[in-house]
Amino acid sequence: MATVTQKQQLFGHAASNHYLDASRGVMSWIFTLDHKRIAIMYMYGVIASLFLAGIFALVLRTELYTPGPWFLSNAVYNQMFTLHGAVMVFLFIIPSVPAIIGNFVLPMMLGAKDVAFPRLNLASLWLYWLGGIFFIVVLSTTQLDTGWTFYTPYSTSSSKTNVIAATLGAFILGFSSIFTGLNFIVTINTMRPKGMTWFRLPLLLWGLYSTSIIQVLATPVLGITLLLLIVERTLKLGIFDPAYGGDPLLYQHFFWFYSHPAVYIMILPAMGVISEMLAVHCRKEVFGYKFIAMSSVAIALIGFLVWGHHMFTSGQSELTSLVFSAITFSVAVPSAVKVFNWLCTMYRGDINLSTPMLYVMSFIFLFGIGGLTGLWLGALSTDIPLHDTYFVVAHFHYVMVGGTMTALLGGLFHWWPKFSGRMYNEPLGKLFCFFVFAGFNLTFFPQFIMGSLGMPRRYHEYAEIYQIYHQASTWGAFTLGIGIFGAVMVLVYAWFFGRKASGNPWGAATLEWQCSSPPSFHNFEHRVIVSEPYDFESVIYDESVDGYIPVIPKRDLAPNQQPATATH
Amino acid sequence: MASTNVVRDEYSPLVDLEHSHEHEHAPFIAHHFYTAEQQFDSGKLGIWLFLVTEVLFFGGLFVAYIIYRYNRPEVFIDAHQYLDTLLGGLNTIVLLFSSLTMAWGVRAAQMGDNKTTAISVLVTMVCAAIFLGVKAVEYSHKWDLGLLPGNMFSYDPHAEHPHHMISDYLILLCIPFAIVFVVTALISILNLRTGQTLAGRFHGGLAITMLGFFLGVVVGVVWNANMISHEEHGEGHHAAAVGESPVRPVSYVADDATSKSGAADASPATATASNVAHPIDKSLGVFFSIYYCMTGLHAIHIIGGIIALSWIFYRSLAAHWRPDYFGPVDYVGLYWHLVDLIWIYLFPLMYLIR
């Protein structure tokens, strides 16, 4: 059987010829077709966007420290929150988990060498860069003040800012997203090796699959909407303009037909990441695997039918609002199924309080709050006073930042040994996780309170009774900023100076941990052994590689039964 | 004993996949696929998903169409009379025929008959170009009349319309196709002279495709000239449309605004006033906004189709297709059928309104 050196080669720390040094030079990265390198390059862009939009957020919070105007003019304030929203949504949060963790891990989890269309994958990355360039153009010219939603008629007729560059950027980023989703669906459908049945797919893959369905079905509608917006602004088409008998509300319907499902593009992969990390760090099979898997698909499908809840106060009919409200409530069911299954997984698990696990627990707590407050906003009677207040801001930040960003950070810590071949510093990782959690709550919990007291969102100045909440929020924002920056620095440090990681340091049973760390160019140096994704008996600790290796199932040397010979 | 060893090695996870012989690749299979079937199925699923995104992309425009037509049915009934049903019908037939030749090409590729594939694909490309040529005539004619989108709509039914035989806009639209024709024809001749048959035939095919565009233009121009001569005799379709003055003298916008404000008594006065001030009804322009968006986006897809088809044409000439490898022809064929299908919906929705 396998010798120690063979084992170290296959399941240990890859000494050389892994994906990072398979070829050298900038060109080998820009023109790479390797899904792992593409993921790394996405990571640079996504983290840079996070920092950029995060700085906008800090500027906003600093400005809001005092009730009156401080150092920003009204126009600049409007541009700041618009760019914070637009960059966060289009450049950070939508690509975050699918493009980084999904791209890196998906083919390996599946047991494949690459995604189905590597060139299309590279095209997605280039489109992402191109879209980013458009946003840089926006930043360096007249900026943008429409809010990230580009509502008509302000965006088509009144705004003096660079709406066209921003919408073109978002249009291009939309295509990047479509291609990624298309690629993932095809990969999961056709690239599974023998033994990888649908219900052996790790839950992250179910999350990514559901996400991809939304990306393919919803994003094209955003694409055509933004195109119409651009043409409307340049040629005065009239489709959204009441002056010609057009319908400005049509824009909102189109926009939210994409952008509500897009909310699930942001959260579903994060939920998948949480399911993975939870099982591994509790060392317990996920409770209710099929329910978690199917709830992802259910959220994706129901998510298409609820966009009208963004327009309760926009003048749609009462009946429409009522129907949308009812369907909105039904989204809570699959979401709650997930949360309860996670809690049941933790129950009597062998919980290892590592950094990823702390992020998981933060996620469950914060997503719980974010999800439940969503019901208040989905209920017609409570939405009328709460809409356009800080309550809404707090709600979606609890889901987007407390949910997706927390899951992204946790996922980066969890898969960092696979990305870089190095272990991060555990105490520092935990410290900054605490900063993130505390800072986040300090930022956004007061916003629930001031929102319910009536503080409207997007206001530059406010009444003095809200000041105490705004100040708490500002302090929290800086704590959160320190936490995120620190967490990223811990990862950067680990990339260069961390302890070398073995192929499977966590004892996880999914297939990506059967590769060496970092993986070779073709991912697997050996035949993939497919087992149940959360069967932790299928791996065993091996001292010679300082990590876990798969248990090779015993086989009969000769078949017990001769196959029946075919008769003619 | 030796045989059992082989079995064990083959199933051991420690066998290096890169060095095992079970995994021999045919040259056309990408490195990350195991079999030709897997590669074909991936491509097929991929192109179907892409078509789904295309349908949704156009879906937004169809929804805009439905809503505007629901709100203002009279605008559609009036405005569609400016579209030339016969030219649209001709284009429909051309596209349907191109779908037939495309399907023929796919079948030939499946049989490994590269020559038939090349010819069928070339005919498909020519049909696509004829479509564009006719479309160019339709567009330029409307631009001459001022039937423009949205705010630029400036058609005045009572004004004199100079009917140019060949409009300036049409010449502009022809220039890029003429340039491509000249360049590809020259390259083709050069290649054939120097014995590079493959490149020569490929560029020759492109040049023939461009000629298809001019064929479409000629057909359209001749048709329009006939229309004008009929009009002069006062019996043509166009004449009837203008004669009956399809543009009602009431501004729909003003109408709507006043009825909403509830000032019923003021409404006739306002309508008349706005009538005098704005003799041109801009709400007709929104029909043309939708018309240009939908047919324009469709035309862009036709151009994209010609580019994709020329890639298939080149590979057919290079005899790449064989019974176990014809995926790309199939994929481009599916795309082409979708583009046709969208036109099959656009034609009745735009041209055949009653």
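Trainee: How do you know how many salt bridges the rule finds across the interface of chain A and chain B?

Mentor: A salt bridge is a side-chain nitrogen of Lys or Arg within 4 Å of a carboxyl oxygen of Asp or Glu, and across the interface of chain A and chain B the rule finds zero of them. This is a predicted model, in which local features need pLDDT of at least 70 and side-chain atom pairs count only at pLDDT 80 or more, while totals for chains, interfaces and linings use all residues. Side-chain values use heavy atoms, with hydrogens and water left out.

Trainee: What makes a residue part of the contact, and how many residues does each chain give?

Mentor: Contact means heavy atoms within 4.5 Å, and by that rule 49 residues come from chain A and 49 residues from chain B.

Trainee: What is the area buried between chain A and chain B?

Mentor: Buried area is the accessible area (1.4 Å probe) that two parts lose on being put together, summed over both; for chain A and chain B this comes to about 4200 Å², of which carbon and sulfur atoms give 72%. In chain A, Lys113(A), Tyr244(A) and Arg527(A) lose the most area to chain B, together 18% of what that side buries.

Trainee: Why is Cys282(A) called buried, and why is Cys515(A) called buried?

Mentor: A residue is buried under 20% relative accessible area, exposed over 50% and partly exposed in between (1.4 Å probe, protein chains only). Cys282(A) has a relative accessible area of 0%, so Cys282(A) is buried, and Cys515(A), with 1%, is therefore buried too.

Key:
Residues numbered from 1 in each chain as written. Chains lettered and ligands numbered in written order.
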